[in-house]
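Student: I would like to learn how to read the packing and the chain contacts of a model. Could we work through one case together?

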Amino acid sequence: MGMLMDPTLGRVIERWRAGDRDAFEEVMDRYGLQLLRTARLILRDPTLAEDAIQETFLKAWQRIGSLRDEDPGPWLTRIAMNESISLYRRRHRFQALTERFGRLGGSKHEVSSEARLDLARALDQLTGEQRAAVALHYYQDLSVEETARMLKVPVDTMKSRLKTALRRLRELTGAEEAFA
Amino acid sequence: MSDDFEKNLRQHLHSEAEETREFPRRLRGRIRDGIAPRTRARMVPQLALAGALVLVAIAVLAFRNPMIINGVITSFKQFVQPSPSPTPQPFLCQDQSGGASGLTTQLTKIRPGSHAGDGYDRVVFDFNGGIPSWDLSRQESATFVRDASGQTVTLDGSAGLKLVFRDADLAGGVASDVTPRFSSIREITQLGNFERVLTYGIGLSSSQCVRVLPLSNPSRLAIDVATSGSASTTAAPTPLPTLSPSGTDLGAFSCLDHTGGANTGSAMQLTAVRVAHQPGFDRIVFEFAPPAGATAHLPAYTVSRQASAKFVKDPSGLPVTMRGSSGLRIVFHGANATSYGGSRDLTYTLPAVQEVEQLGDFEAVLSWGAGLSQASCIRTLELTNPIRLVIDVQTP
């Protein structure tokens, strides 16, 4: 169920529905920065993140009819996540393929102590889907259930994805031993 | 349950996210531009239907009265023929800009023509795919700086116009230098053709006001320059932006592009960018340090004035619109910003400088842009210990 809107925001959305571009820009002011920051955490590239958020707002403008009587924040976040992940996939198709074969083979990538990375570089090593899960859960502070709903995957899948991402980050940063 | 690692992760993500301090204006502009065509796109079916109904009506009328078809043909010819001579518009004594970005268009011809009897000389730039984004800036001399090479070139005349087209290619066979030697327009020369940015310099016999006419069928941009003593100009030529009275040992302001420095030795590293207001001007400072073991020097630089705050990123070619209505493009050859830790997009509410942003850092060519509240004259100072380029932008 969607979150209820405050009446002021409700009026802005009504103006947007009527084609008022100023109202649309008010929504952009309210949610744009948070969405851009999340997209940057996922894509790790400011230019790509801006592309994703540009596409997010253009789609939102076209699809305002699909927004029900709810806070547009989660709706915009869903669009932004789709755009970020699909942009990531387009840009990293080969990398994604390699990772998939790696997982099918069940091989665990060993990380030597020399190769331990700081957290920023370790995040670079996650897949786009893993980073989206981490960004929504640990940056936007969404629950596992909300994160799963946002990324349109079952809750168990999300739990597993977060667990895998966390394990990988620990492994890459060398934190695994400390908490083993 | 959350452990220390998860807390660290959460903190790290927040601090990484906060590096993006604001929603960029250029992104807002791109989104705003993106939603604009929606209305037009939605009108297409209605327009098509209206057009079809008109054709049916014409066909019915022509069937009843064949003479009517002559009228229609005449009207159609008027519609498709080149647009007639422009309706009188005032000549403006200021920098101007216009056109559309994102076009696929080529400059196909440059045609100068004298209309001395009407009080102006004209140069027409023909395009085959619409008129691209353009900036026209007036200057007090006929000396220009060539793009990329940074070499100066002096055209025939004592004043000049600099015309920059963005998102435009150059068709084959377009002359790179034309010398009509009219009473106002003396020479037109290509100053640059790089990354779809075409730059032309126009040498004028004296500083005159200008009328710019974007025309269609075919797409062309006509630049009319008033001839000396012409009665057709509705505005008396106003002087170019004022120069500061001499008497300051910092030197006078000038409304020309500025060059200097030297592209020798190792690439210098940008270490700081500072902007501040001082009485009479806003100051932009670029500070450099040499890499370990190298000799310090100010890298070769060009500071170019332009009539809009629209820039093109190097090397991506992406458009950037900064705050303000005018701009400066600052290009250093033999410099980079790889170790620069400061912000690469700084915004201000100073009298002149509104925004300063990095436009490119590629192959030891470092580019920055400055969005200005209005066209302003500048002064550059080369300082040492540490190495600095100071750009003073004259304030209103």
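This is a predicted model: local features need pLDDT of at least 70, side-chain atom pairs count only at pLDDT 80 or more; totals for chains, interfaces and linings use all residues.

Student: How is the size of an interface given, and how much area do chain B and chain A bury between them?

Tutor: The size of an interface is often given as the accessible area lost when the parts come together. Here chain B and chain A bury about 3,100 Å² between them, and 63% of that lies on carbon and sulfur atoms. In terms of residues, 29 from chain B are in contact with 34 from chain A.

Student: How many salt bridges and polar contacts are there between chain B and chain A?

Tutor: Eight salt bridges are counted between the two chains. One of them joins the side chains of B:Arg26 and A:Glu50, at 2.9 Å from N to O. Polar contacts across the interface of chain B and chain A number 15 residue pairs, with both residues at pLDDT 80 or more.

Student: Which elements of chain B give two or more residues to the side that touches chain A?

Tutor: They are α1 (4–17) and α2 (25–35) of chain B. The largest share, eleven residues, comes from α1(B). By type, the residues on this side of chain B are eleven nonpolar, five polar and 13 charged.

Student: Take B:Ile31: is this residue buried or exposed?

Tutor: A residue counts as buried when its relative accessible area is under 20%. B:Ile31 has 0%, so it is buried. B:Ile31 lies in helix α2 of chain B. Leaving out residues up to four places away in sequence, B:Ile31 touches A:Phe24, A:Met28, A:Ile53, A:Gln54, A:Phe57, A:Leu58 and B:Phe23.

Student: And B:Ser133: what does this residue touch?

Tutor: B:Ser133 is in strand β4 (residues 133–139) of chain B. With a relative accessible area of 4%, B:Ser133 is buried. Beyond four places in sequence, its contacts include B:Gly98, B:Ala100, B:Val164, B:Arg166 and B:Lys310.

Student: Which residues have the most contacts inside the largest nonpolar core?

Tutor: They are A:Trp16, A:Ile53, A:Phe57, A:Val134 and B:Leu9, in a core of 65 residues. Helix α2 (residues 21–43) of chain A gives the most to this core, eleven residues. A second, separate core has 31 residues, among them B:Val275, B:Ile284, B:Ile387 and B:Leu389.

Student: What is A:Trp16 in contact with, its neighbours within four places in sequence left aside?

Tutor: The contacts of A:Trp16 are then A:Ala23, A:Phe24, A:Val27, A:Ala60, A:Trp61, A:Ile64 and A:Trp75.

Conventions. Residues are numbered from 1 along each chain as its sequence is written. Chains are lettered from A and ligands numbered from 1 in the order in which they are written. Side-chain values use heavy atoms; hydrogens and water are left out. A nonpolar core is a set of buried Ala, Val, Leu, Ile, Met, Phe, Trp, Tyr and Cys residues joined through side-chain atoms within 4.5 Å. Buried means under 20% relative accessible area, exposed over 50%, partly exposed in between (1.4 Å probe, protein chains only). Helices (H or I, at least four residues) and strands (E, at least two) are DSSP runs, numbered from the N terminus. Contact means heavy atoms within 4.5 Å. Buried area is the accessible area (1.4 Å probe) that two parts lose on being put together, summed over both. A salt bridge is a side-chain nitrogen of Lys or Arg within 4 Å of a carboxyl oxygen of Asp or Glu. A polar contact is a pair of N or O atoms within 3.5 Å; within protein, one must be able to donate a hydrogen and the other to accept it, and residues adjacent in sequence count only if both atoms are side-chain atoms. Ala, Val, Leu, Ile, Met, Phe, Trp, Tyr, Cys and Pro count as nonpolar, Asp, Glu, Lys and Arg as charged, and the others, Gly among them, as polar.
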